[in-house]
Amino acid sequence: LGVRPDAMFYGAVASACEKARRWRWALALLHEATASAGADAVLRSAVASACEAAGRWAEVLHLWADAQRCGLPAEVVTSTAAIAAMGG
C-alpha cells in the first residue's frame, strides 16, 4: 500500500510494548523510527515507560541521556520513568 508509519503509529506500538512488558521490542521500534521518520519526545517517553515497566533502569537512563544529547526536552514521563526505574 505504500503507507509509512507516522509518530502516532510508533507511539501506539510503543505503548503496547509497555503493556506487554516487551522492552526490547520498544527499543527496536525506537531505532526503526529514528532511522526512518525520526523519534520524537513522545515516542522516547513511551519507550522509557516500557523499559521502566520491565525494571530496566539502565536503559531508561540511557534514553534520558540520549534525549538530552539530541537536544530534546526532558519530558516529565521520561524523567518520571527514570526515577521509578531506580526504585524511587
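**Group meeting: a walk through an all-helix model**

Okay, the protein chain here has five helices and zero strands. Reading from the N terminus, that gives α-α-α-α-α. Before going further: this is a predicted model.

The protein chain has 88 residues, and 33% of them are buried. If you take the contacts with a separation of 6 or more, 59% are between residues 24 or more positions apart. As for the surface, the protein chain exposes about 5,300 Å², with carbon and sulfur atoms supplying 60% of that.

Let's go inside. In soluble globular proteins, nonpolar side chains tend to be buried together. In this model, the largest nonpolar core has 18 residues, and the ones that touch the most other members are Ala14, Leu27, Leu30, Leu43, Val47, Cys51 and Leu63. Which elements give two or more residues to this core? Those are α1, at 7–19, α2, at 23–36, α3, at 41–53, and α4.

If you click on Leu63, you'll find it touching Leu27, Leu30, Val47, Ala48 and Cys51, once you leave out residues up to four places away in sequence.

Staying in α4, which covers residues 57–69, have a look at Glu59. Is Glu59 buried or exposed? At 18% relative accessibility, Glu59 counts as buried, because the cut-off is under 20%. And what does Glu59 touch, not counting residues up to four places away in sequence? The list is Trp23, Leu27 and Cys51. Leu27 and Cys51 are also on the Leu63 list.

Now, the cysteines. The structure holds zero disulfides. Cys17 is in none, and the nearest cysteine sulfur belongs to Cys51, 9.7 Å away.

On to the rings. A search of the whole structure turns up one aromatic pair. That's Phe9 with Tyr10: the ring centres are 5.6 Å apart and the planes are at 70°, so the pair is edge-to-face. The two partners sit in contrasting surroundings, if you look at accessibility. Phe9 is partly exposed, with a relative accessible area of 40%, whereas Tyr10 is buried at 1%.

There's another ring to look at, in Trp25. The charged end of Arg22 sits over that ring, 4.8 Å from its centre.

While we're around there, look at Arg21, in the loop between α1 and α2. What is its phi? Arg21 has a positive phi of about 55°, although it is not a glycine. As for the surface, Arg21 is exposed, with a relative accessible area of 53%.

Ala39 is in the loop between α2 and α3, and Leu72 is in the loop between α4 and α5, the helix at 76–85. These two residues touch each other. Ala39 is buried, with a relative accessible area of 15%, while Leu72 counts as partly exposed at 23%.

What else do they touch, again not counting residues up to four places away in sequence? For Leu72, we get Ala39, Arg44 and Ala67.

Leu72 and Asp40 are 32 residues apart in sequence, yet their C-alpha atoms are 8.0 Å apart in space. Ala39 and Asp6 are 33 residues apart in sequence, with 9.7 Å from C-alpha to C-alpha.

Definitions and conventions
Residues are numbered from 1 along each chain as its sequence is written. This is a predicted model: local features need pLDDT of at least 70, side-chain atom pairs count only at pLDDT 80 or more; totals for chains, interfaces and linings use all residues. Side-chain values use heavy atoms; hydrogens and water are left out. Rings of Phe, Tyr and Trp (its six-membered ring) pair if their centres lie within 6.5 Å; planes under 30 degrees apart count as stacked, over 60 as edge-to-face and the rest as tilted. Buried means under 20% relative accessible area, exposed over 50%, partly exposed in between (1.4 Å probe, protein chains only). A charge sits over a ring if NZ of Lys or CZ of Arg is within 6 Å of the ring centre and within 35 degrees of the ring normal. Helices (H or I, at least four residues) and strands (E, at least two) are DSSP runs, numbered from the N terminus. Contact means heavy atoms within 4.5 Å. Accessible areas come from the Shrake-Rupley method with a 1.4 Å probe; for residues, only the protein chains shown count as cover. A disulfide is a pair of cysteine sulfur atoms within 2.5 Å. A nonpolar core is a set of buried Ala, Val, Leu, Ile, Met, Phe, Trp, Tyr and Cys residues joined through side-chain atoms within 4.5 Å.
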